[in-house]
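Subject: Structure handover

Hello,

Here is the structure you were expecting, with the sequence alongside. My notes follow below it.

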Amino acid sequence: MNELKDDDNNRTQERKQTDIAIVGGGMVGLSQALLLSQQLPNINIVLFESVGLQAKPELLEQPSFDARSSALSAATVALLQLINVWPDIVERAQPISRVHVSDRGHVGATAFSQAENDNQPLGFVVENRWFGYHLCQAVLKAQNISVLAPTKVESIRPVSAGAALSYRSGCNAELKTLKASLVIVGDGAESPLRQQLGVGTDIHDYQQAAVITNLEFEQPHQGQAFERFTEDGPLAVLPLPDENTRASRRAALVWIRPLPQLEETLQWSDTDFIQHIQHTFGYRLGSCLRVGERHSYPLKMVFAREQVRSSIVLIGNAAHSLHPVAGQGFNLAIRDCAQLTAVLVQANQKGKDLGDISVLKRYLAAQENDQALTAGIGHGFVWIFSQHNKAVQLGRNLGLLAMELWPAARKEFFSQMMGRTVPKVKLRAAGSI
């Protein structure tokens, strides 16, 4: 399917107002749109995206070695099943069969396998290109979602019983206005609209950067994921699918580096980079044979001081950005989407305005504990495993050893670490609408 053009979408062009507007067509924005579309089939949704929203099958014919990936928790998979996209996504999803956590230079280590999880995968790793394609396909097919892409939303302002968005579709286009009962802002970590609205942020700068790339190892990973804590920062190796998933040797690397070491790390040759990975990660999957293109981004924990206002709610990285140590930023965002959807369904059933501030505050009250706990776990991991104090080092290693000996504690630890807790929201199953 080709990029959706403005003239293909007369429903949006003719409309001056809508029930819900979503700004941002990334994986979080698309997922939010699909959840709302399925659970509230009688409302109208307009999705704005600044770049062309594409769903081209030819882009997926050959998996790219350098493709970016996401780790999906069991709760996220359950929600993707709810909106009927998981059957397509799972075709190229790598199940996680075992997670191993270790502390480099110390004896503490523990692991958790699907045998301890009722033989269910601990999660899945999916390439973003494949994941995004199927979300995009589903959005373009939804009858109550209209898409404007490429379109830039320049501002949001409160109006009577809603909010008005000013936007331009294409270069030098006429400025248009759309009124919505509720505007959901998911335009990314830097969020120009968050800034335009004057919403402040609380920021913790870790003085670290994440170096991400893909690796190929000598031995098949067999679905194993590794989280290795080092004196300079954690290193995660996640299993990636291949044409033969059972024998795949591809893995995604997320390596946290102190900012003073970042430039040197990025300048290493492939050979030097592999040598450093081997020194840090060891030979758990044999020799590292190949490394892909490297990228990096600075690490900060960012929380918007206001996630909700009358007729406005922030989601995804616009609401909060987390340290990637446990890979739970996206999974938390999807749980936010589910909670918001459940609250809006309840409000709609009671005849309340979807943008009513009391409704949006109810959403935030229901989800803020999950946000705080998930952020706190990641932040705590970073602090505990970065300490050089001998007492702290002894304590964390005793903790890892204790978990290895105490199955109940180990299961609880990995449940929290991997965000496997299913959110307590009431949503209707697929096919019941």
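Searching the whole structure, which is a predicted model, gives 8 aromatic pairs. One of them is formed by Phe 131 and Phe 330, with 5.7 Å from centre to centre and 90° between the planes, an edge-to-face arrangement. This pair links distant parts of the chain, since Phe 131 belongs to helix H5 (residues 128–141) and Phe 330 to helix H9, 199 residues apart. Phe 131 and Phe 330 are both buried.

Trp 268 and Phe 273 also pair: the ring centres are 6.2 Å apart and the planes stand at 65°, so this pair is edge-to-face. Trp 268 has 12% relative accessibility and therefore counts as buried. Phe 273, at 0% relative accessibility, counts as buried too. Elsewhere, Phe 217, Phe 226 and Phe 281 are joined by ring pairs into a cluster.

Next, the helix packing.

H2 and H9. Helix H2 covers residues 27–39 and helix H9 residues 329–349; their axes come within 10 Å and cross at roughly 25°. The cut-off for roughly parallel is an angle under 35 degrees, and H2 and H9 are therefore roughly parallel to each other. Their crossing is right-handed. On the H2 side, the residues in contact are Met 27, Val 28, Ser 31, Gln 32, Leu 35, Leu 36 and Gln 39. On the H9 side, they are Phe 330, Ala 333, Ile 334, Cys 337, Ala 338, Leu 340, Thr 341, Leu 344 and Val 345. Sorted by class, this contact of H2 with H9 has 12 nonpolar residues, 4 polar ones and no charged ones.

H3 and H9. Helix H3 (residues 74–82) packs against H9 at an angle of about 45°, and the two axes are 9 Å apart. That angle makes H3 oblique to H9. The crossing of H3 and H9 is left-handed. Ala 75, Thr 76 and Leu 79 of H3 meet Phe 330, Asn 331, Ile 334, Arg 335 and Ala 338 of H9. The contact of H3 with H9 divides into 5 nonpolar, 2 polar and 1 charged residue.

H2 and H5. These helices pack at an angle of about 35°, with 10 Å between the axes. Their crossing is left-handed. H2 contributes Met 27, Leu 30, Ser 31, Ala 33 and Leu 34, while H5 contributes Asn 128, Phe 131, Gly 132, Leu 135, Cys 136, Ala 138 and Val 139. By class, the contact of H2 with H5 has 9 nonpolar, 3 polar and no charged residues.

The protein has 433 residues, and 55% of them count as buried. Among contacts with a separation of 6 or more, 74% come from residues 24 or more positions apart.

Regards

Technical notes
Residues numbered from 1 in each chain as written. Predicted model: local features only at pLDDT ≥ 70, side-chain atom pairs only at ≥ 80, totals over all residues. Heavy atoms only, no water. Axes fitted to C-alpha atoms, helices over the stretch in contact; angles between N-to-C directions. Helix = DSSP H or I, 4+ residues; strand = E, 2+ residues; numbered from the N terminus. Parallel < 35°, antiparallel > 145°, perpendicular 65-115°, else oblique. Left-handed = near helix turned anticlockwise from the far one by under 90°. Contact = heavy atoms within 4.5 Å. Nonpolar A, V, L, I, M, F, W, Y, C, P; charged D, E, K, R; others polar. Phe/Tyr/Trp six-rings, centres within 6.5 Å; stacked < 30°, edge-to-face > 60°. Buried < 20%, exposed > 50% of the residue type's maximum accessible area, 1.4 Å probe, protein only.
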